[in-house]
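Hi,

Here's the structure I said I'd pass along.

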Amino acid sequence: MCVAIYKPKETILPSLEILKQCWDANPDGAGFALRTDGEYSIGIHKGYMTWKQFVTAYEKYHLADFEGDLLLHFRIATHGGISPGLTHPFSLTKDVKLLKHTNVRTNYALIHNGMLPIESEEGSDTMEFCRRLAPFYQNIPSAFNLIEGMAGNNKISVMTRDKVHLFGEWERLNGVYFSNLAAMLLPALNQARERARAAQCINNKKQAMLGQIQYAGDYGNVYVGYVYSPDSSFGMWAAVLSNGQEDIGWFTKLGLGYISPANCQCPSAQNKISANVNEISSAWGSFYFSSIFGIDYSDMWGDRQNTLGNYVMKGGSSAQGDEHHLLNLGKMQLPSATVVFADTAEELTGTPSNRFYAYDDYWGAGVVEIHSGRTSVAFADGHAGLHTGLELKGSVYNLSRWKDQTYLPRN
């Protein structure tokens with residue numbers, strides 16, 4: 001089935017990657033219509049029978065930057081064969097030769113997705129429909145009545161000098177209307193969404209590291225993982241970095257930390273709760289324990305300690321009322337290779353974990369390749385990026401165990 005697209009003015013046209021998906025599924029020709037100035041204000045440009053031809057026209061008419069209304073159509077032939085003249089859009093005229101022209105100035109342009117109950121002796125069902133609409137071109141309401149009467153499950157868009165009219169049930173994505181977001185479109189759309197989430201996740205890791213760096217400047221050159229002290233100071237790293245302290249010592253005073261609570265989450269993580277007031281106002285809230293990405297909670301020994309340094313400060317227990325996990329910057333030998341934060345997930349549920357080990361699971365959770373086979377990682381020097389588990393295993397950090405995108409263990 002064809003794909004018809006309406007990009008309203010001041011919205012962004014879908015990427016070439018998405019348009020290529022439309023072409024691959026509908027390779028029998030493409031075209032577009034755009035409104036410009038002049039007596040005949042709509043330009044129809046069509047008959048692009050190869051992807052290369054379409055891209056050339058895409059660049060020639062600066063479609064990526066076009067701010068006005070724009071119609072696009074990618075055709076799969078159901079009536080009339082395959083030829084440049086049968087591609088959409090069409091003007092409204094009884095003259096079949098004019099309907100087949102590939103570059104036209106007009107005041108009306110129509111694109112269509114579906115199969116109309118019309119027999120055509122020459123051309124396609126859409127061409128015949130435009131011929132029947134032609135007598136009404138000076139009486140647009142009458143033309144629209146005819147369209148509505150015949151549309152059924154079809155999707156039709158008509159561009160006039162003043163606006164664009166849609167008939168049928170269109171789907172909207174990022175302000176752009178699609179006649180159908182079929183399965184062939186979803187992979188590209190999902191990939192685009194995931195790239196955006198991965199970029200946001202990297203940014204969140206960088207913000208979290210800025211919070212750690214500010215904390216280290218205020219508290220003895222250490223990064224915080226967890227604190228539970230005799231003076232009642234209590235909080236997981238996300239609470240400490242994103243909140244201020246209450247009088248009782250808990251880090252639950254909202255909005256007074258170094259970073260936003262939202263900076264502590266991976267956008268792609270499953271089964272997480274949002275950074276809302278009800279959860280983050282409680283030191284024991286599940287936000288801090290199962291909705292944030294993790295901090296490295298590993299002990300240091302052997303080759304890892306010799307290479308990276310003996311920088312982990314860990315001690316006490318909650319029973320003793322004095323428990324902490326801190327990372328001493330002064331004892332780090334390779335900050336640019338020392339992992340601080342990473343995306344995490346439990347093995348079966350995908351629920352995030354607030355901490356992880358480099359060498360084993362932490363209560364069934366570990367580093368996860370959640371971003372299309374990669375994990376977002378932040379290092380002690382403040383930089384962040386996407387890495388596979390194998391890349392981290394082969395680095396001096398030597399990650400020994402992680403989970404793939406389906407949460408199954410890998411090593």
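This is a predicted model: local features need pLDDT of at least 70, side-chain atom pairs count only at pLDDT 80 or more; totals for chains, interfaces and linings use all residues.

The chain has eleven helices and 25 strands. As for overall shape, a compact globule of 411 residues would have a radius of gyration near 22 Å, while this chain comes out at 29 Å. Along its principal axes, the C-alpha atoms fill a box of roughly 90 × 45 × 35 Å.

On the inside, 53% of the 411 residues are buried. If you take the contacts between residues at least 6 apart in sequence, 63% of them join residues at least 24 apart. For charges, I get 34 positive and 40 negative side chains, with the centres of the two sets 7 Å apart.

Now for the arginine: Arg355 sits in strand 20, which covers residues 355-356. Is Arg355 buried or exposed? Its relative accessible area is 9%, so it counts as buried, the cut-off being under 20%.

The Arg355 side chain has two tyrosine side chains to look at. One is Tyr297, with a polar contact at 3.4 Å, and another is Tyr362, with a polar contact at 3.2 Å. Leaving out neighbours within four places in sequence, Arg355 is also in contact with residues including Met236, Phe289, Gly294, Ile295 and Thr344.

Cheers

Note on methods. Residues are numbered from 1 along each chain as its sequence is written. Side-chain values use heavy atoms; hydrogens and water are left out. Helices (H or I, at least four residues) and strands (E, at least two) are DSSP runs, numbered from the N terminus. The radius of gyration is taken over C-alpha atoms; the globule rule is 2.2 Å times the number of residues to the power 0.38. Buried means under 20% relative accessible area, exposed over 50%, partly exposed in between (1.4 Å probe, protein chains only). Contact means heavy atoms within 4.5 Å. Lys and Arg count as positive and Asp and Glu as negative; His and the chain ends are not counted. The place of a charge is taken as NZ of Lys, CZ of Arg, CG of Asp or CD of Glu. A polar contact is a pair of N or O atoms within 3.5 Å; within protein, one must be able to donate a hydrogen and the other to accept it, and residues adjacent in sequence count only if both atoms are side-chain atoms.
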